Amino acid sequence: MTLNIGVIGTGAIGREHIRRIARNLSGGKITAVTDVNQEAAKAVVENFGLDAQVYPDDKTLLAQGGVDAVLVTSWGPAHEQSVLAAIEAGKYVFCEKPLATTAEGCRRIVDAEIKHGKRLVQVGFMRRYDSGYVQLKRAIDERFIGEPLMIRCAHRNPEVGEGYTTDMAITDTLIHEIDVLHWLVNDDYKSVQVAFPKKSRHASGHLGDPQVVTLETHGGILITAEIFVNCRYGYDIQCEVIGEEGIVKLPEPASISFRKDATQGTSVLMDWKDRFIDAYDREIQDFIDAVSGGGEPQGPTAWDGYIAAVTADACVKAQQSGAREEIELGEKPALYEGRALSQA
Ligand SMILES: NC(=O)c1ccc[n+]([C@@H]2O[C@H](COP(=O)([O-])OP(=O)(O)OC[C@H]3O[C@@H](n4cnc5c(N)ncnc54)[C@H](O)[C@@H]3O)[C@@H](O)[C@H]2O)c1
Ligand SMILES: O[C@H]1[C@H](O)[C@@H](O)[C@H](O)[C@@H](O)[C@H]1O
């Protein structure tokens with residue numbers, strides 16, 4: 001069966017997902033699109049040669065019988081409304097991160113899904129589908145390095161625009177580490193602290209960059225994550241897990257090595273779209289495959305979106321207070337119990 005998909009938000013990642021569904025993946029067809037910028041939505045239909053209708057807004061799109069599932073790829077503050085409307089309409093939803101911009105918003109989505117009685121939502125935390133992270137997880141699960149004790153990560157973007165603010169280092173950028181790291185070690189976060197090292201001269205006046213976030217899990221694992229969004233040299237994601245018996249490290253993206261002009265080296269990627277391109281393909285294919293036959297999505301859940309939002313809130317509080325902030329998740333609802341933790 002072909003899954004008819006509506007896309008809400010045809011910006012950068014919306015177009016990326018449309019391209020992959022139309023050209024690379026199987027089992028899905030884009031039948032409807034909407035964007036507050038209607039011209040952008042029309043241009044996407046034309047540029048990709050889609051057999052799809054352009055709708056004025058999410059509600060009108062969701063009212064169409066010809067849509068089985070939606071991708072929510074609008075900007076973060078619009079996600080909650082579209083996801084809630086999709087659940088209300090009984091449609092499957094793939095929502096880009098963040099699920100909602102507040103923990104309360106994520107909780108409303110969790111509650112709506114519980115009321116519906118079946119999981120409909122998958123959150124776009126694509127790193128769980130990245131082969132490097134999957135290998136790390138397997139090594140940790142199989143106790144290859146014994147008990148994990150510490151994790152050291154870096155999330156570096158070459159540059160960001162003027163509109164990128166200090167809290168976005170958490171809500172827009174660290175949010176990927178927040179999701180993937182608790183999944184990696186099967187543990188929950190207990191507390192967080194944020195430090196601001198010497199500021200880069202490339203950061204805009206209002207932005208604290210870089211930042212170092214220290215997360216502690218209930219099991220005692222200490223995680224340090226550097227967020228540096230004006231690092232200039234490339235898009236660089238690092239993760240090293242230090243265990244009792246050894247160390248495992250995220251592989252570098254495959255790249256030719258060169259010798260030229262008296263230099264030996266390898267290139268570093270510049271764009272997030274390229275770094276996790278295979279993982280994006282896998283997450284969307286997995287979503288299509290899981291829900292096409294009426295099943296539940298198998299990827300990161302609305303509860304994972306809620307965990308990320310609660311943790312991000314504590315991180316933003318820690319940015320302001322300079323103190324260690326506690327993270328309280330509350331009890332995991334039964335709808336999300338017994339979920340396979342690995343997308344491996
Ligand atoms: N998983 C990832 O690695 C990843 C990468 C990039 C972006 N994202 C997330 O995807 C989302 C979109 O990011 P982007 O880079 O594509 O941004 P973007 O600004 O390029 O695109 C957002 C689009 O949403 C539209 N929009 C805003 N409000 C809307 C509404 N209410 N209804 C319909 N359309 C609306 C805008 O007009 C714009 O075209 C963000 O939440 C971002 O955090 C995730
Ligand atoms: O929205 C983007 C995206 O999520 C990237 O993966 C991340 O590296 C950027 O920092 C963020 O701004």
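Helices (H or I, at least four residues) and strands (E, at least two) are DSSP runs, numbered from the N terminus. A residue counts as near a molecule or strand if its C-beta atom, placed from the backbone, lies within 6 Å of it.

These legends describe a predicted model, in which local features need pLDDT of at least 70 and side-chain atom pairs count only at pLDDT 80 or more, while totals for chains, interfaces and linings use all residues. Residues are numbered from 1 along each chain as its sequence is written, and chains are lettered from A and ligands numbered from 1 in the order in which they are written.

**View 1. The surroundings of ligand 2.** Here you can find N157, D172, T173, H176, V229 and W272 around ligand 2. Helix 7 (residues 168-185) gives the most to this shell, with three residues. By type, the shell holds two nonpolar, three polar and one charged residue; Ala, Val, Leu, Ile, Met, Phe, Trp, Tyr, Cys and Pro count as nonpolar, Asp, Glu, Lys and Arg as charged, and the others, Gly among them, as polar.

**View 2. The surroundings of ligand 1.** Ligand 1 has 24 residues around it, and the closest are G9, G11, S74, A78 and E96. Helix 1 (residues 12-24) supplies the largest share of this shell, three residues. The shell divides into nine nonpolar, ten polar and five charged residues.

**View 3. Helix 1 against helix 9.** Two packed helices are described by the angle between their axes and the distance between the axes. The axes of helix 1 and helix 9 (residues 277-292) come within 11 Å and cross at roughly 70°; axes are lines fitted to C-alpha atoms, for helices over the stretch in contact, and angles run from 0 to 180 degrees between N-to-C directions. Helix 1 and helix 9 are therefore roughly perpendicular to each other (under 35 degrees counts as roughly parallel, over 145 as roughly antiparallel, 65 to 115 as roughly perpendicular and the rest as oblique). E16, H17, R20, I21 and N24 of helix 1 meet Y280, D281 and I284 of helix 9, contact meaning C-beta atoms, placed from the backbone, within 7 Å. This contact is made up of three nonpolar, two polar and three charged residues.

View 4. Strand 1 (residues 3-8) and strand 2 (residues 28-34) are joined in the parallel sense by six bridges, and the bridge partner of I8 is T34.

**View 5. Strand 7 and two of its partners.** Strand 7 (residues 148-156) runs antiparallel to strand 11 (residues 236-243), with eight bridges joining them. Look for P148 opposite G243 in strand 11. With strand 10 (residues 222-228), strand 7 pairs in the parallel sense over seven bridges, and R152 stands opposite T224.

**View 6. Loops with backbone features to check.** The peptide bond from K97 to P98 is cis, with omega near -5°, and P98 is in the loop between strand 5 (92-95) and helix 5 (103-116). Another cis peptide bond joins D209 and P210, where omega is about 5°. P210 sits in the loop between strand 8 (189-195) and strand 9 (211-217). R143 is not a glycine, yet has a positive phi of about 60°; R143 lies in the loop between helix 6 (131-141) and strand 7.

Methods:
Contact = placed C-beta atoms within 7 Å. Pairing = 2+ DSSP bridges.
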